[in-house]
Amino acid sequence: MPRGLSIRRYLALQVLLTGFVMLALSLVFVFSQQHTDRAEQRIFDHELAPATALREVERHLLSVQTRLQAELLGTESAVEEPERLAVEGARIRSGWETFKREHLSWVRGTEEARLIADLENELPALWHFLERAETASRNNNGDDLARLLRIDWAGLQPVLFRNLSELATLQEHHIGLARQELQISRHHSIVAVGSLLAAGMVLLGGFAIGLLRYVMRRIVMVENALDQVAAGAGAVGMPHRPGETEVARIADAIKRTAAHLNDSHESITVLMRRQQTILESLAEGLYGVDAEGRIMFSNPAGLAMLGYAEHEVLGLPAHALFHHHHADGRPYALADCPIAETRRTGRVSTRVGEVFFRKDGSSLPVEYTSAPLRDAEKSFGCVVVFHDITERLEQDRLLRDTITELQATNVRLGEAQGQLLQAEKLAGLGQLAAGVAHEINNPIAFIQSDIGAFEKYLQDIFTLIDGYETLIHRQSDGDLRGAATRLHDDADLDFVRNDLHTLIAESRDGLRRIARIVADLKDFSRVDDGREPAEADLVQGLESTLNVMHATIADKADVVRDYAPLPAVRCHAGQIHQVFVNLLLNAVHAIGHRGTITVSTRQSGDEVCIEIRDTGRGMEAHERQRMFDPFFTTKPVGEGTGLGLSVSYSIVRRHDGRFEVDSAPGRGTAVRVWLPIKGSASVED
C-alpha cells in the first residue's frame with residue numbers, strides 16, 4: 001500500500017474499487033430491490049410513522065408529568081415552566097394529529113378504532129388539565145399543581161397510558177407482519193446477489209485489510225495520546241507523516257482538548273475548594289447520607305458538636321451513630337425516623353427538640369432539617385442541617401420558671417393585700433370598739449357611783465319619813481294622824497319603797513351587764529401592735545367573740561357551748577379572735593333559715609382544739625378543696641370577697657396550727673382549729 005497518503009485518499013481508492021464492484025451488483029440489486037422497496041415503504045410510511053407519532057405523544061405525556069413533579073419539588077425553574085408546559089401541550093396535539101392522519105392506512109380491525117375513539121374522548125379532559133396546570137404553574141400555585149397531579153392526572157393517566165400501550169401493542173404486531181414480508185423479499189435479494197457479492201468481497205478484502213492496518217496504527221496513536229490526556233499531561237504529542245491531514249487535525253484537536261481539560265480541572269479544583277470553604281465556615285452542623293443512610297460527608301461544625309473526627313463517621317449508618325434513641329431513652333426505630341422518610345419519599349422534614357448522641361454517649365437537643373439530594377430526577381440520599389438548642393431550651397425553662405414565680409408572687413401579693421385589708425379593717429374596728437368602750441366606761445363609772453349615793457339618799461329619806469310618821473302617830477291629835485295616814489296611803493309609800501329597791505337592784509344588774517359587754521368588747525378589740533405573742537385564754541376570747549357577735553348570730557342560729565378547760569395558749573390573741581369571727585360568720589351564712597351553731601373546745605397533748613360546727617347546707621368536694629384559696633367564695637357576686645378563710649388559714653399557719661374540715665351536702669360543716677400551746681417560732685419571731 002502506498003505510504004504518505006492521507007486516510008481520505010486511502011478511502012477514495014477504496015471507494016473507487018468498491019464502486020466498480022457495486023456497479024456490477026447494482027444491476028442485479030435494482031431488480032430485486034423493487035420488491036423489497038415496496039415492503040420497506042409500507043413499514044416506514046404506513047407502520048413506523050404512526051408508531052413514531054404515538055411514541056412521541058406518550059413521551060411528551062411523561063414529560064408533562066415529570067416537569068410538574070419537578071416544579072413541585074423545586075428542582076425546576078418556576079419562571080420557565082409555564083412555557084415548557086405550553087410547548088409540551090402543543091407537541092402532544094401535533095403528535096396526535098400526525099398519528100390520526102397516518103394511522104388510517106394500517107387500521108385493520110375494530111379494536112384499533114375503539115382504542116382511538118376512547119383516546120379521543122379523553123383528549124378534551126387532557127387539554128383542560130394542561131391549561132389548568134399551565135395556569136397554576138404561571139401563578140406559582142403549588143397547592144393547585146399538587147391537587148391536579150393527585151386527582152385529575154391520577155384519573156387521566158391510567159386511561160391514556162393503557163390505550164396508548166394497547167395501540168402500541170397492535171402496532172408492534174403489524175410491524176412484525178410487515179417485517180416478515182420484508183425478510184422474505186430480502187432473502188430473495190440475498191440469494192440473487194450472493195454470488196456476485198462474494199466475488200466482490202474477495203477483491204475488496206485485500207485492499208480493506210491494508211487500510212485497516214493503516215487505520216489501526218493511527219488509532220493506537222490516538223489512544224496513546226488520549227491516555228496521556230487522561231493522565232493529566234499538559235502537552236500531548238502525536239507524530240504523523242506529511243500528507244496525513246486527518247491525523248494532523250486529530251493531533252491538534254487532542255492538544256486543544258488537553259488544554260481545555262486542564263483549564264476545566266483547575267476550575268473544578270477551585271469550585272471544590274470553594275465548596276469546602278463554605279462547608280467549613282458554616283456554624284451549623286451538616287452531614288449528608290446516601291440512599292442506604294450511610295454518611296458521605298460532614299462539616300467541621302457538625303463533627304465538633306458530636307465529638308467525632310471525619311474518618312470515624314464516613315461510610316457508617318448515621319441513624320445508628322447519632323439518632324438511635326429518643327430524648328426519654330426509648331429506642332428510635334429507623335422506620336419512624338424523619339431523616340429516613342426523607343430518603344424514601346424525597347420530602348423535606350423539620351424537627352425540634354429531638355436529640356443527637358455524641359461520641360461519648362451523651363446527648364444534645366437539636367433542631368434539624370432533612371432535605372433530599374437529587375441527581376437529575378432521582379433522589380439518592382439526603383442532607384441534614386442541625387444545630388444545638390441547649391441554650392434556647394434553657395432560656396425557655398428560665399422564662400417558664402420566671403413566669404411561674406411571678407404568678408406565685410401575684411398570688412402571694414393578692415393574699416397579702418387581702419390580709420392587710422382584713423387587718424386594717426380589724427384594727428380600725430378594734431380602735432373604734434376600744435374608743436367606744438372607753439367612752440362608755442366613764443358614764444358607767446359615775447352612774448354606778450351615783451346609784452350608790454342615790455340608794456343611800458333614798459334610805460335616808462325613807463328613814464326620815466318613818467321618823468316623821470312615828471312622831472305623828474305619837475301625837476294625840478287624831479285629825480293629824482288621819483291626815484298622815486291618808487297621805488301615806490295616797491302616795492302608796494310601801495309599794496314605792498319596795499319598788500325602788502327592785503329598780504335599784506335591776507339598775508345595778510344592768511350596769512354590771514354593760515360593764516361585762518364593755519369588757520368583752522375591749523378584750524375582743526385588742527390589737528396586736530407589739531408583735532409579741534402573749535398567753536391568752538382562748539375560751540374567754542371565744543366567749544367575748546360570741547358576745548360581740550350576738551346580734552348577728554341570734555337572728556339565724558342558736559349557740560350551743562361545749563367548753564372543756566384549756567390552758568393558756570401563747571399567741572396573738574387579736575389575730576385568733578379574727579379567725580373566730582371569720583369561722584362564725586361563715587357558719588351563719590351557711591345556715592338557710594334557722595339552725596344551730598355548736599362551739600366546743602378540748603385539749604389533746606400539746607395542742608388545743610376549737611371546733612365550730614353548723615347545721616348549714618354543707619360543701620361539695622370541689623368547694624372543700626378550694627375553701628382556703630384567696631378570692632374563692634360561694635356567695636353571690638358583691639356579697640363576699642373570698643378572703644376571710646384565706647386570711648384565717650394564713651394566721652393559723654403562722655401559729656404552726658392546722659385546720660380540719662368535715663363537710664357534706666345537707667349535713668352541715670365542722671371546722672376544727674388546732675393550735676400548739678407553746679406557740680410557734682414564726683409567731684415569736
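Student: Which residues of helix α8 are buried?
Tutor: In helix α8, residues 338-345, the buried ones are Pro 338, Ile 339, Ala 340, Thr 342 and Arg 343. Keep in mind that this is a predicted model.

Student: What comes just after α8?
Tutor: Gly 346 does, and it takes a positive phi of about 80 degrees.

Student: Which residue has a positive phi although it is not a glycine?
Tutor: That is Asp 656, with a phi of about 60 degrees. Most residues other than glycine have a negative phi.

Student: Where is Asp 656 found?
Tutor: Look in the loop between α16 (644-654) and β11. Asp 656 is partly exposed there, with a relative accessible area of 47%.

Student: OK, on to β11. Which strand does β11 form a hairpin with?
Tutor: With β12, and 5 residues lie between the two strands. In the turn, Gly 666 has a positive phi of about 80 degrees. β11 covers residues 658-663, and its pairing with β12 is antiparallel, over 6 bridges.

Student: How many bridges join β10 to β12?
Tutor: There are 8. β10 is residues 607-614, and these two strands run antiparallel.

Student: How many residues of β12 are buried?
Tutor: 8 of its 8 residues, so β12, residues 669-676, is mostly covered.

Student: Which way do the residues of β12 point?
Tutor: Thr 669, Val 671, Val 673 and Leu 675 point one way. Ala 670, Arg 672, Trp 674 and Pro 676 point the other way. All of them are buried.

Student: Why does Arg 672 count as buried?
Tutor: Because its relative accessibility is 9%, and buried means under 20%.

Student: Where does Glu 611 stand?
Tutor: Opposite Arg 672 in β12. Asp 662, for its part, stands opposite Ala 670 in β12.

Student: What else does Arg 672 touch?
Tutor: Leaving out residues up to four places away in sequence, its contacts include Arg 602, Cys 609, Ile 610, Phe 659 and Glu 660. Arg 613 and Arg 658 are also among them.

Student: New topic. Where is Arg 594?
Tutor: Arg 594 sits in the loop between α14 (573-590) and β9 (595-604).

Student: Is Arg 594 partly exposed or buried?
Tutor: Partly exposed, with a relative accessible area of 47%.

Student: Which residues is Arg 594 in contact with?
Tutor: Setting aside neighbours within four places in sequence, they are Ala 554, Asp 555, Lys 556, Ala 557 and Asp 558. Take Lys 556: Arg 594 is 38 residues apart from it along the chain, but their C-alpha atoms are separated by 5.1 Å.

Student: What is the side chain of Arg 594 doing?
Tutor: A polar atom of that side chain lies 2.6 Å from the backbone oxygen of Ala 554. The Arg 594 side chain also makes a polar contact with the side chain of Asp 558, again at 2.6 Å.

Student: What about Ala 564, where is that found?
Tutor: In the loop between β7 (557-562) and β8 (569-571). At 26% relative accessibility, Ala 564 counts as partly exposed.

Student: What is Ala 564 in contact with?
Tutor: Val 539, Thr 601 and Arg 602, leaving aside neighbours within four places in sequence. Ala 564 and Ser 600 are 36 residues apart in sequence, and 7.3 Å apart in space from C-alpha to C-alpha.

Student: Which residues line the largest cavity?
Tutor: Val 57, Leu 61, Trp 96, Leu 119, Leu 123, Leu 126, Leu 160 and Leu 164. By class, that lining has 8 nonpolar, no polar and no charged residues.

Student: Which helix gives the most to that lining?
Tutor: α3, with 3 residues. α1 (7-73), α3 (110-138) and α4 (142-230) each supply at least two.

Student: Last one. Is His 319 buried or exposed?
Tutor: Buried, at 15% relative accessibility. His 319 is found in helix α7, residues 318-322. Leaving aside neighbours within four places in sequence, His 319 is in contact with His 324, Tyr 332, Ala 333, Leu 334 and Cys 337.

Definitions and conventions: Residues numbered from 1 in each chain as written. Predicted model: local features only at pLDDT ≥ 70, side-chain atom pairs only at ≥ 80, totals over all residues. Heavy atoms only, no water. Buried < 20%, exposed > 50% of the residue type's maximum accessible area, 1.4 Å probe, protein only. Helix = DSSP H or I, 4+ residues; strand = E, 2+ residues; numbered from the N terminus. Contact = heavy atoms within 4.5 Å. Polar contact = N/O pair within 3.5 Å; in protein donor to acceptor, adjacent residues only side chain to side chain. 1 Å grid on protein atoms, 1.4 Å probe; cavity = no way out; pocket = protein on both sides within 12 Å on 5 of 7 lines; lining within 4 Å. Nonpolar A, V, L, I, M, F, W, Y, C, P; charged D, E, K, R; others polar. Pairing = 2+ DSSP bridges.
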